[in-house]
Amino acid sequence: MYKSDFIKPLHVNLSLVVLASGVRYTRVGVYFVTVFLEVLSGRSFFTIFQSSDQEIIMSNVLYSFFSIQQILTKMSVVFIQPPKKEPKQEWIYRGEGNANLVISLPDKRQILRIRKTDKPKTFFVWLFNWLSDFLYWDTKNELNVDNQDLKFYKQVMMPLLGQFVCEATPIFMSRKQTHDLNSAIAQCRPGFRKHKKLQFGRATFFTDFAFLPKNLDSFRLSGATYAIEIKPKQGWIPVLSRQTKCQFCQNQYLKLQKGQIKKISGYCPLDLFSGEKPRMIKAIKSLIYNPQNNFKIFRNGVFVYGEQASIDVFYEVMREMLYSDDKMSTYSLLEEFCDILYTTLIKQIDKQYADHKCIELYQTIEPSDKHSATTIAYDPENLSCALPEGCILERILSIQKFDQLGLDRYKELINSYYNDVITEKNYVEKLLKEISVTKCPKCVIRKYISGNLISDDRRKICELDFAPYLVASIANDCSLMLTYRRCSSRDRLVSEEHFLERPTESFVFNVGVFDLYPKPLSTIAKHVKRKLKIESLPFDNVPCNHRIL
C-alpha cells in the first residue's frame, strides 16, 4: 500500500508518515513515541527501548506490533476527530401502575402513557394474542376503547378537576415500536410488574408535571426544578358505609402479610385531607420517612428520592432545593419542606370553580315507588369540607365523595346486576351520552347517587348506578404533582396563585393531577375481594393511623 492511499482518507499530517518510514531518531525521541504507543495500544514498549542504548529504527518497532495503517487510524482518532458527546437520554422510565406504564420525554416536557396487557401464560393464549394483533376487528375494538377513555378524561375528569389537569394527545404505536420499547425498558421495571407487557395500539401524550409549564418557567427563575409526587389515596370514610376504618391503613397490613412492604406506614389519608395543619404535617412527614409508592421526589424530571432511598438522600436534596448551607439542621430542613408542601396543598388555586349549581340535587331524595321503596338515612352535610375551596385536596376529595354508600352497598347492587349481561366499561359510554345533554358531569353522577340511596328490590339496576363508585375510585387512586423552582423576586407575569413566598427563598410552583382514566366494572369485585382478605387477617383490631395523634 502506498502512503498516499491512506493519507488522504484519514487526513493525517505528512510528518506522521515520515515518523514511520525508517528515519532514525535519538533515544529521547524514541521514549516519547514509546509512551504515545502505550497510550494507543495499552501495551508496554518501555522495556524494549530501555534494554539498548543504540538508536532504534522506528519502522521495525511499529511493524512488529501494528501495521502503519492501524497506528495512523488510532492517531487520527486522537488528534483529528472532535470529542464524542455522551448521547442524551431521550426518554426516562417514570413508573407504572396495574394498567398503564409511563415514559418521560424530558426534552419535550411530556409523558407518554401506554396501556399494559397480561403476558400469555400458555401457548394457546399466546397464539390467540398473536392472531388477534393481525385481525382488524380486534385492533378496531382496542382503538374504540382508547378513544372512549380519552373522551371520558376530557368530558368527565377535566371539568371536575378544572385547571389541575392538562390536555391529552393520542398517538398510535406500531407493533415494532411497542416491541422495541418493551425490550428497552425491561431492565428499568420492577420484577413484580413484569407479568404484564406494553399493549400494541394507542398511547397518549400528557404534559409532564415534573416541569413547570412554559408560561411559568421564565428567565427570572434559577436552579433546578423539583417535583414532589404524592398518591394521597382515599381521604374520607363514607358515612353510610359499614366500614369504620381507613382503607389505606387496613390495606397496609395486607401488603405486609404479602411481603410487598417491609413495615407499616405511619401515613393516613384522613390526616392529609383533614384540613388541620398538625395532622397534615404529620401525614407529610410519614410519607417522607416511609415513602413506599406514595411519595417521590424528582429533580429536573429525574427520580432522586422515594421508596428504598436513604433518608440522608432526602436531606441532601432538601439542601439543594432550599438553597441551604451545612449549618441548617436536618430538623429545620424537614420542617421547612413540610410547611412548603402544606401551604401548597391548601392554597386556593382554582378559585373560578363553583359548586353551588349542583347542591340542590342532594337536598331532596324521594323514593321512586312509595309502596315498596324506603329511603336510606342521609345527611347532606357530608358535602362539607374543612379544606379551602379551590385547593387541590378539596377538589380531589369532592370527587371521592361521590361514593356516599360505601363498598358493601355497591356489592349488593353488583350482585343484582350480575344477572344481566355485563360490559366492563359500558357505563362510560352511557355516562358520556348523558353528559352531552346536561353538560355537567357532577350533576349526572349525583343523580345516580340519589337513586342508589333508595332501597328497592324491584328497581332495575343499570350500569350508571355504579358510576359514582367507579369515578370516586379514580380520585382514590390518582396522583398529584407539586412542582417548584426558585425565584429571586416575583415576576409580574406570575399570578399570586402560583407564587409562594418564604422567609428565605421564594418559589414559583404548579400543581397537577394525573392517572385519571376510567375504572372497569370489575373494580368493585376486586375491592370486595381485597376487603375479604383484610377481614381474614390474623389481627384482632387493625388500627387506623389517624387515631394516633
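Reader: How many contacts beyond four places in sequence does the model have for residues 359–381?

Author: This is a predicted model. Over residues 359–381 pLDDT stays under 50. Where pLDDT is low, the predicted coordinates should not be read in detail. For this stretch, the contacts beyond four places in sequence number 41.

Reader: Over residues 1–86, under what value does pLDDT stay?

Author: The model has 72 contacts beyond four places in sequence for residues 1–86. The mean pLDDT of the protein is 76, and 68% of its residues reach 70 or more. Over residues 1–86, pLDDT stays under 50.

Reader: Which are the edge strands of the open sheet of five strands?

Author: The strand order is 1-2-3-5-4, with antiparallel pairing. An edge strand pairs on one side only. That gives strand 1 (92–96) and strand 4 (168–173).

Reader: Which residue of strand 5 is the bridge partner of Thr117?

Author: Strand 3 covers residues 110–118 and strand 5 covers residues 196–207. The two run antiparallel, joined by eight bridges. In strand 5, the partner of Thr117 is Lys197.

Reader: What angle does the direction of helix 9 make with that of strand 5?

Author: Helix 9 (residues 175–184) packs on the sheet. There it touches strand 2 (100–105), strand 3, strand 4 and strand 5. With the direction of strand 5, its own makes about 95°.

Reader: How do the residues lining the second largest pocket divide?

Author: This pocket has a volume of about 360 Å³. Its lining holds 16 residues. Lys262, Asn290, Gln292, Glu307 and Gln308 lie nearest the centre. The lining divides into six nonpolar, seven polar and three charged.

Definitions and conventions:
Residues numbered from 1 in each chain as written. Predicted model: local features only at pLDDT ≥ 70, side-chain atom pairs only at ≥ 80, totals over all residues. Heavy atoms only, no water. pLDDT = per-residue confidence, 0-100. Contact = heavy atoms within 4.5 Å. 1 Å grid on protein atoms, 1.4 Å probe; cavity = no way out; pocket = protein on both sides within 12 Å on 5 of 7 lines; lining within 4 Å. Points joined across faces, edges and corners; volume = space filled by probe spheres on them. Nonpolar A, V, L, I, M, F, W, Y, C, P; charged D, E, K, R; others polar. Pairing = 2+ DSSP bridges. Helix = DSSP H or I, 4+ residues; strand = E, 2+ residues; numbered from the N terminus. Axes fitted to C-alpha atoms, helices over the stretch in contact; angles between N-to-C directions.
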